[in-house]
Amino acid sequence: MTPSDFDPKHPDPAHDPFVDWVRQATPYIHAHRGRTFVIVFGGEAVADPRFPDLVHDIALLHGLGIRLVLVHGARPQIEARLAGRGAQLRYVNGLRITDQTALACVKEAAGVVRVEIEALLSLGLANSPMAGVRIPVVSGNFVTARPLGVIDGVDYAHTGAVRRIDRQTLRAVLDQGAVALMPPLGYSPTGEVFNLSSADVARGAAVALGADKLIFLTEDPAGDASLEGEMRDLSQDVLGPNLLARDIDALLAASSEIPEDVAQCLRAGAEACRNGIRRVHLVRRRRGGALLRELLTPDGSGTLISAEPYEELRPARIDDVTGILELLRPLEERGVLVRRSRERLETEIDRFFLTERDGLITACAALYPYPTAGMAELACVAVHPDYRASGRGDRLLAHMENIARAGGIASLFVLTTQTAHWFRERGFEPGSLGALPMERQALYNFQRSSQVYIKTL
């Protein structure tokens, strides 16, 4: 449920989707405040009549206290100027060649795009999302570049690569509360200008600043909104919601479906992760509000690249008690689980393992070993309602089984009243109370009449 689903004229007093959404977004608002995000978008975004909507979203992020670096491209604007001169950008092995004519067009286009972005970020009209907003924008020679030179006999002329980012000046800009705006240009100590990849500039800026997030706003194929279904399939079937940086080279080698501009973002994102950036996001720019959905909702709207798995499976800590209680409470109220007090949970916290995603506990389970009997009880198996049917329960069960095996446990048992089928589908067989360790038999609650299921490891 999102704010767009809410009708302020006919609110439901019992269930207000807008209020629910704001409450859901609150942890992310607090988590993002004071963080540094590098956001990169192409010249296609600037040329889109809906670009003001994206600017409004960027202004909202700035208003939430996020330190923003914006990196823009200018490809359609450059190509339009080249076409007007009867020329075009040439590409060899996926790399563009920037001759003198192309460089002149690059300079013109980058300047025009920069002014358009600055103008929209300067809006302050009443009765608009920018009402009362003042966002200082600073652009400059933040990038020192070098020429690509001659590769395989091809001279790439004024096409360059990032050599160094002026970290100190960029940080000073952000410290003053301004938005840093970076064009796809770089400069050499000898006064030359180079045409750069915006993905390369964004990666360099993110690494230099130690940014908390690097966000690529990607385009639909050929900018064609009619291919939305194809892009959805690409995102779900090829990229998926999560990628590890180490898997990207293999993914690009195995798939011919990924457009070159998306591939550039993937390569730059993987390199950023290898250089310390924890989160890189690929978000479809043309999907309305996609940037806000990605940053302010649990599941986002794009693909997350990280160096390590996004969702952590780990032993529980004492500060997880409140989150575990919230996860268990609905199941306890329905009688699925035995109610546990906070005090009991605190004393038994070392028995629990959980999966955590952005501070939200998505699943948990506990293991109570009976070493002399070679058995262990699996208890408190719970998965957050929003994350069921996603394999988290199976992943957690496999982890608990591995821990039990490592501890010399030969079999697991569960006592359940309402989830017998789930355990049976995972290899647990009906057992009897007498098959349990004597210590556990003495604690059996005959009022619940729980069924016993056992799995040999």
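This is a predicted model: local features need pLDDT of at least 70, side-chain atom pairs count only at pLDDT 80 or more; totals for chains, interfaces and linings use all residues.
User: Okay, how many residues of strand 21 are buried?
Analyst: Strand 21 covers residues 411-416 and is mostly covered. Ser-411, Phe-413 and Leu-415 point one way, and Leu-412, Val-414 and Thr-416 point the other way, all of them buried. In a regular strand the side chains alternate between the two faces of the sheet. The count of buried residues in strand 21 is six of six.

User: Which residue in strand 21 is the bridge partner of Glu-377?
Analyst: Strand 20 (residues 375-383) pairs with strand 21 in the parallel sense, over three bridges. For Glu-377, the bridge partner in strand 21 is Phe-413.

User: And in strand 23, which residue is the bridge partner of Leu-415?
Analyst: Strand 21 and strand 23 (residues 451-456) pair in the antiparallel sense, with six bridges. Leu-415 has as its bridge partner in strand 23 Val-452.

User: Moving on, how are helix 4 and helix 5 set to each other: parallel, antiparallel, perpendicular or oblique?
Analyst: Helix 4 (residues 75-84) packs against helix 5 (residues 100-121) at about 130°, with the axes 8 Å apart. The crossing is right-handed. Roughly antiparallel would need an angle over 145 degrees, and roughly perpendicular runs from 65 to 115. Helix 4 and helix 5 are therefore oblique.

User: Is Gln-88 buried or exposed?
Analyst: Gln-88 sits in the loop between helix 4 and strand 3 (90-92). Its relative accessibility is 63%, so Gln-88 counts as exposed.

User: Which strands are the edges of the eight-strand sheet?
Analyst: That open sheet has mixed pairing and runs in the order 5-10-2-1-13-15-16-14. Each edge strand pairs on one side only, and the two are strand 5 (137-139) and strand 14 (242-244).

User: Which residue in strand 13 stands opposite Ile-39?
Analyst: Strand 1 (residues 36-41) runs parallel to strand 13 (residues 213-218), and five bridges join them. Opposite Ile-39 stands Ile-215.

User: What angle does helix 5 make with strand 2?
Analyst: Helix 5 packs on the sheet and touches strand 1, strand 2 (67-72), strand 5 and strand 10 (179-182). Its direction and that of strand 2 make an angle of about 145°.

Conventions:
Residues are numbered from 1 along each chain as its sequence is written. Side-chain values use heavy atoms; hydrogens and water are left out. Axes are lines fitted to C-alpha atoms, for helices over the stretch in contact, and angles run from 0 to 180 degrees between N-to-C directions. Helices (H or I, at least four residues) and strands (E, at least two) are DSSP runs, numbered from the N terminus. Angles under 35 degrees count as roughly parallel, over 145 as roughly antiparallel, 65 to 115 as roughly perpendicular and the rest as oblique. A crossing is left-handed if the near helix is turned anticlockwise from the far one by less than a right angle, and right-handed if clockwise. Buried means under 20% relative accessible area, exposed over 50%, partly exposed in between (1.4 Å probe, protein chains only). Two strands pair if DSSP finds at least two bridges between them. Contact means heavy atoms within 4.5 Å.
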